[in-house]
Amino acid sequence: MGRTSHSVHELLATNERELYDLSQSGAALEKLTPAQRRLQLQRARSMRDRARALYRRQVGHTLQHTSTKRGYSGMANERTRQKAQLLSDVVRKLAGEEA
């Protein structure tokens, strides 16, 4: 099956997009105080964990109804998986790791 890639603006909500933009800007990250950085990291982890939990619930539901984790088309839940991966990258960048 072909793999589709969705843009950041299609995948993320406004508050998630703000964190994504912050994580992409090295200058903006350097301006944050340690307390601000911890707060943004906590927000990003919460968003990542919520997206991962949603993906797991969707996979279980898809499996129950189609007898396959990927759905009939093979692309079921792909947007949610991409969103969770994107938010994981945001967490790594805010934590100071290479993504």
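Leu94 touches Leu19, Leu22, Ser23, Leu29, Arg37, Gln40, Leu41 and Ala44, leaving out residues up to four places away in sequence. Here, contact means heavy atoms within 4.5 Å. Keep in mind that this is a predicted model, where local features need pLDDT of at least 70 and side-chain atom pairs count only at pLDDT 80 or more, while totals for chains, interfaces and linings use all residues. Residues are numbered from 1 along each chain as its sequence is written, and side-chain values use heavy atoms, with hydrogens and water left out.

Leu94 also turns up in the largest nonpolar core, which has 17 residues. A nonpolar core is a set of buried Ala, Val, Leu, Ile, Met, Phe, Trp, Tyr and Cys residues joined through side-chain atoms within 4.5 Å. Buried means under 20% relative accessible area, exposed means over 50%, and partly exposed is in between (1.4 Å probe, protein chains only). The residues with the most contacts inside this core are Leu12, Leu19, Tyr20, Ala44, Leu86, Val90 and Leu94. H1, H2, H4 and H5 are the elements that give two or more residues to this core, and H5 gives the most, with six. As a bit of background, nonpolar side chains tend to be buried together in soluble globular proteins.

**The overall fold**

Of the chain's 99 residues, 32% count as buried. Among contacts between residues at least 6 apart in sequence, 65% join residues at least 24 apart.

Helix H4 covers residues 34–66, which is 33 residues, and reaches 47 Å from its first C-alpha to its last, close to the 48 Å expected. The expected span of a helix is 1.5 Å times one less than its number of residues. Its buried residues are Gln40, Leu41, Ala44, Met47, Arg48, Ala51, Val59, Thr62 and Thr66. Helix H2 (14–24) and helix H5 (78–94) are among what covers them.

H5 has 17 residues and reaches 24 Å from first C-alpha to last, close to the 24 Å expected. Its buried residues include Glu78, Leu86, Val90 and Leu94. The cover over the buried residues of H5 includes helix H1 (8–11), H2, helix H3 (26–31) and H4. After H5 comes Gly96, whose phi is positive, near 90 degrees.

Gln40 lies in helix H4 and counts as buried because its relative accessibility is 16%. Not counting residues up to four places away in sequence, Gln40 touches Leu19, Leu22, Leu32 and Leu94. The side chain of Gln40 also makes a polar contact with that of Arg43 (2.8 Å). A polar contact is a pair of N or O atoms within 3.5 Å; within protein, one must be able to donate a hydrogen and the other to accept it, and residues adjacent in sequence count only if both atoms are side-chain atoms.

Ser23 is found in helix H2, and its 5% relative accessibility makes it buried. Beyond its neighbours within four places in sequence, Ser23 is in contact with Leu29, Val90, Lys93 and Leu94. The side chains of Ser23 and Gln24 are joined by a polar contact of 3.4 Å.

**Salt bridges**

The structure holds four salt bridges, each a side-chain nitrogen of Lys or Arg within 4 Å of a carboxyl oxygen of Asp or Glu. The table includes some of them.

| Pair | N to O distance |
|---|---|
| Lys83 and Glu16 | 3.1 Å |
| Asp49 and Arg48 | 3.1 Å |
| Asp89 and Arg92 | 2.2 Å |

Lys83 lies in helix H5 and Glu16 in helix H2, so this pair ties together parts that are 67 residues apart in sequence. Glu16 is buried, at 7% relative accessibility. Arg48 is buried at 16%, whereas Asp49 is partly exposed at 38%. Asp89 and Arg92 are three residues apart in helix H5, so about one helical turn separates them.

Notes
Helix = DSSP H or I, 4+ residues; strand = E, 2+ residues; numbered from the N terminus.
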